[in-house]
Amino acid sequence: MEKHMAVCPYCGAGCKLDLLVENGQVVGAEGLDGITNQGELCLKGLHGYDFINDTKILTPRIYHPMIRREKGAPLERVTWDEALDFTAQKLMDIKAKYGPDAIMLTGSSRGPGNEANYVMQKFTRACIGTNNIDNCART
Amino acid sequence: MSVSIPSLEDAKCIFLFGYNPSASHPIVSRRIVRAKEKGAKIIVADPRVIETARIADIYMQINNGCNIAFLNAFANAIVTENLHDKEFIAEHTNGFDEWWETIKDYTPESVQHITGIDPETMREAARMYATAESAVLGWGMGVAQQKQNVLTVHTLAAIACITHQIGKPNAGLAPVRGQNNVQGSCDMGMLPNFFPGYQKVTDPAMREKFAKAWGVPVEKLSDHEGYKLTDVGHNAEEGKVHAFYNFGEDPLQTEPDAQDLKRQLQGLDLLICQDIFMTQTCMIADVIFPGTSWGEHDGVFSASDRTFQRFTAAVPPKGECKHDWQIFSELSTRMGYPMHYEDTQEIWDEMRSLCPTFYGATYEKMAGVGHAQWPIPTIEHPGTPIMYLGGKFTTPDNRANLMAHDWEPPTELPDEEYPLILCTVREVGHYSCRSMTGNCRALSLLAEEPGEIHIHPDDAKARGIYDGELVRAFSRRGEAMSRAVVDERINKGTVYMTYQWWIGKCNNLTLHAVDPRSHTPEDKFSACQVEAIEDQVWAEQHMQELYTQLKNDLADLASAQDVEPTSQRQPQETRESVIV
Amino acid sequence: MNRFISIHPDRCIGCGTCRAACSEGHIARGLQGEPRLSLVQTRGISAAVTCHHCEGAPCLEVCPVAAITREDGMVHVNEQHCVGCKLCAVVCPFGAIHPAGTSIAGVAGTSVNTPTYPKRLDPILRYDIGVYTCAVKCDLCSGDPRCVAACPTAALEYVKEDEIAGSIKDRRIEAALAAGDVQESIAEIRRSR
């Protein structure tokens with residue numbers, strides 16, 4: 001069994017834990033001696049890992065990029081190249097027509113982590129040219 | 001938080017105001033249990049008998065929506081009994097006299113009809129807090145999700161300042177963050193007014209610095225503050241916002257007045273969702289980008305107490321999922337601003353080099369169970385568990401500005417038609433929109449749809465509602481079905497719901513009134529009504545049908561991803577291309 | 001020898017970590033996933049309530065098919081032998097044993113769970129088409145209770161012979177020590193005479 005160090009993704013306490021992996025599946029979690037949790041975890045830390053394995057208890061994971069070619073059209077799986085080209089073109093069209101402040105972005109305060117958010121705000125400010133970026137801290 | 005979570009354990013007094021750590025942060029609650037065992041005095045002011053209230057030395061069951069009235073009277077009691085620290089006030093604060101001008105009218109007696117608290121009990125609590133050797137004042141959404149939220153925070157901070165319960169070991173302010181990385185989002189500049197590291201976008205010197213580092217002309221960086229997330233709905237409706245890029249959130253579940261928001265978002269020209277699950281917001285998206293999940297990527301989270309800690313991938317990415325930062329980089333490159341990173345450490349090091357407050361937080365320091373607590377300005381710096389030591393504040397003159405405000409009633413008061421107050425709270429076993437925890441076997445087994453609505457025994461009896469029955473809750477905005485829990489721990493006249501549930505969606509009922517400063521919605525206070533459902537078997541079946549339907553809809557929509565793209569289609573001719 | 005789980009209510013924060021650990025522990029051993037501890041929360045108390053492994057266990061006495069036995073100081077239910085008669089649930093003075101079954105939703109052509117009774121119905125009276133119920137109760141996880149290890153505030157304690165003997169001894173020493181101050185001053189007075 002492999003062990004991989006992580007930080008619990010469920011609250012602002014910041015508990016360190018090991019994810020236990022067997023045959024490519026996350027099968028358990030164990031508390032580590034982090035500064036805050038000292039080896040302890042609550043129910044979410046101990047049992048909140050199996051969503052990664054796509055249990056489909058509530059809703060399925062998404063594995064492929066999808067687009068609607070037009071408003072109201074059905075979702076359609078496309079290649080990454082097509083999805084990114086389609087989106088880039090749409091965003092550039094909107095920016096050209098209404099200006100950069102017509103685009104709004106929101107970051108994720110959940111699993112992605114600080115680096116992903118840093119890159120998103122850099123994209124917002126340096127590429128789109130707006131400060132229309134926020135996070136769920138208000139709600 | 002000006003204090004660290006571990007330091008709670010050594011505080012001599014802990015005062016919780018509108019914060020239920022046992023449901024929202026059990027591991028923080030554990031520190032409070034330990035503090036109590038070490039002899040700390042515990043004070044709790046909350047409309048519910050929360051777990052910490054049971055072990056509190058003084059528990060005050062306050063009325064919903066009384067915050068500023070309560071705190072002004074609490075401050076009044078401190079000063080009237082001469083328990084404020086005059087020396088600390090003189091040396092480290094500004095504006096005491098002006099502050100007192102507002103506070104002096106708020107005696108505990110004068111606001112008892114608003115707070116519901118016996119004046120002598122409040123005085124005793126004020127004495128306990130003010131005279132403790134060290135005290136931590138903790139608050140949560142009970143302060144933040146109210147109409148006068150920012151003003152309440154000013155008042156809380158002033159109370160810590162006038163009593164010198166800040167700026168010394170094991171004392172200070174503990175406003176906790178809800179989601180695991182809200183602190184991190186803010187640290188990273190996911191805010192319309194700040195670059196990463198809380199550097200103002202309106203400061204020309206900052207724009208110059210970031211423009212240079214990012215290799216763009218300084219004119220390219222916007223010189224004005226952007227929109228706030230809670231404005232996205234009406235901005236879309238008013239034609240100010242045409243595209244919304246939603247990264248890893250499910251606003252149609254988590255934002256107030258969800259039905260209205262859905263209509264507003266459907267009017268956008270472009271809605272992009274980058275997520276790991278098919279959510280209700282993904283259902284109406286024009287573009288869905290599959291990101292990697294926690295457990296499939298590396299990174300750093302910021303805990304509530306400013307502690308940076310690293311996490312690592314346990315399993316490889318599934319399907320065609322890409323790391324979020326790769327998706328942004330590739331999109332940016334296609335839009336004419338090339339970005340490329342090899343790994344998260346390269347991103348982190350670029351960020352550190354631009355943020356003096358975070359500079360010393362290296363990946364090496366955070367290896368294993370290591371951590372780095374900001375402010376941490378140099379590589380040698382040990383980090384800062386307690387802020388403002390010695391009363392040195394981060395204002396230009398290093399002094400705290402005392403602010404006082406008058407109490408105002410909440411926006412939507414109960415009336416004859418909607419006589420109950422709805423207050424939204426947290427579910428200990430579920431998280432946010434539930435896309436993660438709802439897919440975990442053990443957690444979904446313990447708490448399932450349609451969630452719970454906690455109701456006082458008297459209110460339940462008056463409506464013929466029995467414990468465990470399905471009920472209908474409704475407001476001026478919408479309705480939801482929920483399961484009644486007849487709860488003697490809560491105050492009469494208020495019902496409590498958690499915001500994870502689809503069928504029991506409390507955000508169908510909540511009022512979208514936001515505070516003018518923070519634009520935070522008043523989720524803790526809206527008027528509603530609850531009624532019994534006669535045919536319980538029908539209700540149970542109906543609830544299951546609705547739930548199954550929604551699950552099937554999500555699964556059906558996601559099944560579009562099972563059909564492989566046949567060939568690269570030609571771009572549609574009707575589309576006008578404008579390249580900028 | 002008797003064994004059981006004892007509770008420190010002042011440490012309990014009502015988080016339910018014990019219940020999640022209990023459920024997962026039993027699923028892992030091929031048993032019913034129903035948690036065997038219940039969390040009781042009144043205005044004054046929060047506590048996990050579970051089986052006391054009574055010496056004169058009424059559940060064991062009334063079981064008509066001997067599915068409940070005493071093994072190594074604890075009361076054990078054989079979920080395979082249980083016929084679901086619910087007598088044990090009726091006689092338990094602590095509400096620590098109750099019937100539970102695994103829904104067949106998702107298998108055998110039934111995709112949806114169709115409720116036929118209101119959920120507030122007592123578990124003793126519930127009946128689901130096609131669902132075989134059996135009595136579930138704490139089995140101390142065969143000597144390594146998951147709930148005790150999981151509790152983040154150490155509010156649960158696994159009491160075995162060695163520990164309780166130790167703790168009673170400790171309490172007696174404590175009592176003697178508390179009296180020590182008095183004895184000290186008496187000794188002082190005597191010396192001064």
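1. In this predicted model, the contact between the two chains draws on 140 residues from chain B and 107 residues from chain A. On the side of chain B that touches chain A, helix α17, which covers residues 324–334 of chain B, gives the most, with eight residues. Sorted by class, that side of chain B holds 69 nonpolar, 49 polar and 22 charged residues.

2. Turning to chain A by itself, you will find three helices and seven strands, and when they are read along the sequence they follow the pattern β-β-β-α-β-β-α-β-α-β. The radius of gyration of chain A is 19 Å, well over the 14 Å that the globule rule gives for 139 residues, and therefore chain A is more spread out than a compact globule. Along the principal axes, the C-alpha atoms of chain A fill a box of roughly 55 × 30 × 25 Å.

3. Chain A is divided into domain 1 (2–53), domain 2 (68–98) and domain 3 (100–139), and the C-alpha centres of domain 1 and domain 3 of this chain lie 27 Å apart. Among the contacts in chain A with a separation of 6 or more, 31% are between residues 24 or more positions apart, while 66% of the 139 residues of chain A count as buried.

4. Chain B has 21 helices and 21 strands. Its radius of gyration is 25 Å, close to the 25 Å that the globule rule gives for 580 residues, so chain B is as compact as a globular protein of that length. The C-alpha trace of chain B spans about 80 × 65 × 45 Å along its principal axes.

5. Of the 580 residues of chain B, 59% count as buried, and residues 24 or more positions apart make up 70% of the contacts in chain B that have a separation of 6 or more.

6. A word on confidence is needed before reading chain B closely. The mean pLDDT of chain B is 94, and 98% of its residues reach 70 or more, but over residues 571–580 of chain B the pLDDT is below 50, and this stretch has nine contacts in the model beyond near neighbours in sequence. Where pLDDT is low, predicted coordinates should not be read in detail.

How values were computed: Residues numbered from 1 in each chain as written. Chains lettered and ligands numbered in written order. Predicted model: local features only at pLDDT ≥ 70, side-chain atom pairs only at ≥ 80, totals over all residues. Helix = DSSP H or I, 4+ residues; strand = E, 2+ residues; numbered from the N terminus. Rg over C-alpha atoms; globule rule 2.2 N^0.38 Å. Buried ≥ 20, exposed ≤ 12 C-beta atoms within 10 Å, placed from the backbone. Contact = placed C-beta atoms within 7 Å. Nonpolar A, V, L, I, M, F, W, Y, C, P; charged D, E, K, R; others polar. pLDDT = per-residue confidence, 0-100. Domains from an automatic or database assignment.
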